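Here are my notes on the model, for use with the structure open.

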Amino acid sequence: MSKENTQILKQRREKADALANLGVNLYSNTFKPANRIKELLPKGEHLVAEAQDETNYTYSVAGRIMSMRKFGKAAFFHLVDNSGRMQVYIKKDSLGDEIFATFKKWDIGDIVGIEGKLFKTKTGELSIMADKLVMISKSLRPLPEKFHGLTDVETRYRQRYVDLIVTPESQETFRKRVEIVRLMREFLANRGFMEVETPMMHPIPGGATAKPFKTHHNALDMDLYLRIAPELYLKRLLVGGFERVFEINRNFRNEGLSTRHNPEFTMLEFYQAYATYHDLMDLTEELISWLSDEVNGTMEIEYQGTKVNLAPPWKRMTMDEALIEVAGINPADLNDPDRVMALAKEKGIQLEEQAGPGKAKTELFELLVEEKLIHPTFVTSYPTEVSPLARRNEDNPDVTDRFELFVTGRELANAFSELNDPVDQLRRFEKQIAEKGDDEEIHSELDVDFVRALEYGMPSAAGEGIGIDRLVMLLTDSPSIRDVILFPHLKAEVLKQTKKKKNKKKSVPKDV
RNA sequence: GGGUCGUUAACUCAGUCGGUAGAGUAUCUGCCUUUUAAGCAGAGAGUCGUGCGUUCGAGUCGCACACGACCCA
């Protein structure tokens with residue numbers, strides 16, 4: 001990691017001091033750019049090389065200096081603002097000796113304001129001939145090299161601000177992320193969904209099976225858990241009469257990190273009364289294919305070298321069908337609970353004592369099928385055993401009216417027709433708690449209030465969760481979840497301390 | 001938790017058999033008023049991730065640790 005007293009940093013500070021001594025405000029807050037670079041570019045389109053803008057209008061722009069070519073009495077540099085990039089031409093003649101002397105202390109990385117007139121250079125690049133210069137923020141640290149940029153991923157994650165300055169692809173990814181979320185809200189709002197905010201701190205973590213983060217409220221003297229899912233609160237709103245609700249916000253899971261897992265991640269959850277999981281499959285393929293088209297201009301995308309066709313309709317198959325068709329399992333084996341269990345053992349799957357054939361089947365699916373589902377595929381009929389909140393299928397109580405969506409071998413969404421029978425719900429909670437009872441880290445407590453809510457009557461409904469981070473990964477061709485989260489979690493950075501002449505011991509005040 | 005790889009100048013990277021640390025960019029100085037990876041000449045810049053060990057001698061070999069990447073659980 002970077003050291004804090006290097007030659008290059010000293011030089012930058014000395015330069016800043018020299019500039020201040022010339023009477024320049026290094027951090028002025030008076031310059032207000034009247035123009036954005038993007039809107040200037042068309043204004044000079046018609047000009048030929050070496051021609052001046054005939055209107056002779058003075059424009060003003062502000063931004064960061066990203067490259068610099070200095071001569072003895074002139075210079076070119078590129079200025080970048082939020083909208084684009086443009087060349088500025090500086091001439092000693094037109095600025096005067098004093099101003100030009102201060103300009104000589106400008107560096108790549110400085111944020112500056114420019115006023116001037118448009119012209120085209122010999123090589124035909126539209127530029128601003130500066131007649132006024134304002135230092136807005138003097139940069140004290142050098143930017144990464146102009147040609148290779150910043151390639152060290154650790155620095156890109158830890159110092160995302162530098163990454164955003166010098167890596168246009170990174171900027172583009174996060175712009176797309178913002179756009180995807182904005183479009184999602186628009187899509188759902190257009191269908192009558194209302195966006196709500198439910199608690200992030202839960203007295204009882206529920207709605208999923210995961211290890212929660214624990215915290216404590218001092219005034220109430222009670223433990224709280226960062227939510228692992230908003231599901232049980234959103235369903236309470238269905239009880240309350242809000243028929244279409246959604247929430248886009250963070251979930252927290254105290255588990256491992258990987259290219260697909262960040263301890264906090266963003267989830268869209270939405271619930272629609274009087275709908276079934278079939279309705280949500282229609283809605284999901286419409287939503288995601290539309291998002292791809294809006295953001296990438298196509299439904300046929302490439303993810304890490306693999307072509308993926310997001311154009312509807314998408315494949316729909318039951319878990320049994322997937323095991324038979326994709327994994328080549330004998331249908332007879334799937335209908336016999338003992339043979340399912342045996343098959344799982346055969347494939348090296350280690351099952352917990354309480355696990356039944358539903359769990360075994362799901363594990364087989366995860367092992368043998370998941371990674372092979374490249375194009376979007378809805379897998380339905382999940383075993384009831386692994387779906388404690390989903391409605392049982394009317395014809396076969398062993399499976400639920402549930403689907404998960406897989407794209408590029410990864411789970412992207414999970415949805416089901418909701419269980420609204422309070423008696424069944426209570427039974428399933430009790431069973432779930434009995435099974436997880438030995439795992440202290442998975443906090444098991446029956447959410448009595450949720451059952452009470454169901455007892456008031458929750459309309460038939462279907463609900464779904466879509467992992468936003470993974471969706472953004474797919475639509476931006478990003479290999480790691482850290483590439484789509486602005487500030488991903490890493491271990492604490494060990495900053496190298498500059499050696500001091502004496503290590504003064506800090507006096508530690510004793511507790512009185 | 002296990003395995004593999006990585007960590008050298010501000011950035012991007014070389015560094016042979018273990019023998020006094022290299023380049024490009026950036027920076028500084030000089031020249032340079034249409035350049036755009038500007039150019040020419042010169043200069044400075046390093047606790048080689050940290051620690052211990054082997055050795056006459058370690059960026060290089062060994063061990064431990066830290067951080068990161070990928071794979072596996």
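Contact, as used below, means heavy atoms within 4.5 Å. On that basis G356 touches M341 and E385, leaving aside residues up to four places away in sequence. Please keep in mind that this is a predicted model.

1. **The G356 loop.** G356 lies in the loop between helix 12 and helix 13. Buried or exposed? With 11% relative accessibility, G356 counts as buried, because the cut-off for buried is under 20%. The C-alpha atoms of G356 and P337 are separated by 8.1 Å. Along the chain, these two residues are 19 residues apart.

2. **Helix 12 on helix 13.** Helix 12 covers residues 337–346 and helix 13 covers residues 357–368. Their packing angle is about 45°, and their axes are 9 Å apart. The crossing of helix 12 and helix 13 is left-handed. From helix 12, the contact uses P337, V340, M341, L343 and A344. From helix 13, it uses P357, A360, K361 and L364. By class, this contact of helix 12 with helix 13 has eight nonpolar residues, no polar ones and one charged. Note that M341 belongs to this contact and also touches G356.

3. **Helix 7 on helix 9.** Helix 7 (residues 168–190) packs against helix 9 (residues 277–296) at an angle of about 140°. The axes are 10 Å apart. That angle makes helix 7 oblique to helix 9. The crossing is right-handed. Helix 7 contributes K176, E179, I180, L183, M184, E186 and F187. Helix 9 answers with L283, E286, L287, W290, L291, E294, V295 and N296. The contact of helix 7 with helix 9 divides into nine nonpolar, one polar and five charged residues.

4. **E294.** Look at this residue within the contact just described. E294 sits in helix 9. At 45% relative accessibility, E294 counts as partly exposed. Its C-alpha is 8.6 Å from that of I180. In sequence, E294 and I180 are 114 residues apart.

5. **Helix 7 on helix 16.** Helix 7 has a further partner to check. Helix 7 and helix 16 (residues 468–476) pack at about 120°, with axes 10 Å apart. That makes helix 7 oblique to helix 16. Which hand does the crossing of helix 7 and helix 16 have? It is right-handed. On the helix 7 side are T173, K176, R177, I180, V181 and M184. They meet I468, D469, L471, V472, L475 and T476 in helix 16. The contact of helix 7 with helix 16 counts seven nonpolar, two polar and three charged residues. K176, I180 and M184 take part here, and they are also part of the contact with helix 9.

6. **The nonpolar cores.** How many residues does the largest nonpolar core have? It has 43. M184, L268, F270, L291, L310, L405 and L471 have the most contacts inside it. Helix 9 supplies the largest share of this core, eight residues. L471 touches I180, M184, I288, L291, L412 and I466, not counting residues up to four places away in sequence.

7. **Backbone details to inspect.** Most residues other than glycine have a negative phi, and most peptide bonds are trans.
   - D221 is not a glycine, yet has a positive phi of about 50°. D221 is in the loop between strand 8 (214–217) and strand 9 (222–226). Its relative accessibility is 58%, so D221 counts as exposed.
   - Q304, again not a glycine, has a positive phi of about 50°. Q304 is placed in the loop between strand 12 (300–303) and strand 13. With a relative accessible area of 42%, Q304 is partly exposed.
   - The P312 to P313 peptide bond is cis, with omega near 0°. P313 lies in the loop between strand 13 (306–309) and strand 14 (315–318).

Technical notes: Residues numbered from 1 in each chain as written. Chains lettered and ligands numbered in written order. Predicted model: local features only at pLDDT ≥ 70, side-chain atom pairs only at ≥ 80, totals over all residues. Heavy atoms only, no water. Axes fitted to C-alpha atoms, helices over the stretch in contact; angles between N-to-C directions. Helix = DSSP H or I, 4+ residues; strand = E, 2+ residues; numbered from the N terminus. Parallel < 35°, antiparallel > 145°, perpendicular 65-115°, else oblique. Left-handed = near helix turned anticlockwise from the far one by under 90°. Nonpolar A, V, L, I, M, F, W, Y, C, P; charged D, E, K, R; others polar. Buried < 20%, exposed > 50% of the residue type's maximum accessible area, 1.4 Å probe, protein only. Core = buried A, V, L, I, M, F, W, Y, C linked by side-chain atoms within 4.5 Å.
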